[in-house]
Amino acid sequence: MNKIVDYLTWGFIAFFAAPTVLIMASWNSLPGEPMYGVKRSFEQAVLLAVRPSYEAEASLNAQFTKRRMEEAKVLLAKNQSAEGLSHLSQQIKATRTMIQRAPTQEKKREAAKQYITTLQGVSQELKK
């Protein structure tokens, strides 16, 4: 019986450890790097998980826009590529779509106002 519990415990650890390690390894990856797809997939999974809460989804989209901006800045500073800008543009479009499907006009205005503030900060950062 103890062996079965040991096997189940190790199986449980392996089942959850592998994705956790992948997510942690991909956390600082940039567009064009092998782990970037893992990072983006995790972000999409998180967005799906919080989708019942429009406020949480709006907040996460704003955070992801800031993250895409930071990635673009790093890539541009290293003169590696402008690929980060296309990911930033895609994130902005995805967030605009999310705002348009707000459940009420009030929530739409609130999310749009918050996102405009985020975009103003992104714009200022890109000008630097």
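**Reading a predicted helical chain**

The protein chain exposes about 8,600 Å², and 63% of this area is supplied by carbon and sulfur atoms. The model is predicted.

User: How do you know which kinds of element the protein chain has, helices or strands?
Analyst: The count is 5 helices and 0 strands. Read from the N terminus, the order is α-α-α-α-α.

User: Why is Arg-68 called buried?
Analyst: Buried means under 20% relative accessible area. Arg-68 has 0% relative accessibility, so Arg-68 counts as buried. Its place is in helix H3, which covers residues 54–77. Of the 128 residues of the protein chain, 27% count as buried.

User: What makes the pairing of Arg-68 and Glu-43 a polar contact?
Analyst: A polar contact needs a pair of N or O atoms within 3.5 Å, one able to donate a hydrogen and the other to accept it. The side chains of Arg-68 and Glu-43 make such a contact at 2.8 Å. The side chain of Arg-68 is also joined to that of Glu-71, by a polar contact of 2.9 Å.

User: Which residues does Arg-68 touch, leaving aside neighbours within four places in sequence?
Analyst: Contact means heavy atoms within 4.5 Å. With those neighbours left aside, Arg-68 is in contact with Tyr-36, Lys-39, Arg-40, Glu-43, Gly-84, His-87, Leu-88 and Gln-91.

User: What share of contacts in the protein chain between residues at least 6 apart in sequence joins residues at least 24 apart?
Analyst: The share is 59%.

User: Why is Gln-120 called partly exposed?
Analyst: The partly exposed class lies between the buried limit of 20% and the exposed limit of 50%. Gln-120 has 47% relative accessibility, so Gln-120 counts as partly exposed. This residue lies in helix H5, residues 105–127.

User: How far is the C-alpha atom of Gln-120 from that of Ser-59?
Analyst: Their C-alpha atoms are separated by 16 Å, and the two residues are 61 residues apart along the chain.

User: How many positive and negative side chains does the protein chain have, and how far apart are the centres of the two sets?
Analyst: There are 18 positive and 11 negative side chains. The centres of the two sets lie 5 Å apart.

Technical notes: Residues numbered from 1 in each chain as written. Predicted model: local features only at pLDDT ≥ 70, side-chain atom pairs only at ≥ 80, totals over all residues. Heavy atoms only, no water. Helix = DSSP H or I, 4+ residues; strand = E, 2+ residues; numbered from the N terminus. Buried < 20%, exposed > 50% of the residue type's maximum accessible area, 1.4 Å probe, protein only. Areas by Shrake-Rupley, 256 points an atom, 1.4 Å probe, with all protein chains shown as cover. Lys, Arg positive; Asp, Glu negative; His and termini not counted. Charge placed at Lys NZ, Arg CZ, Asp CG, Glu CD.
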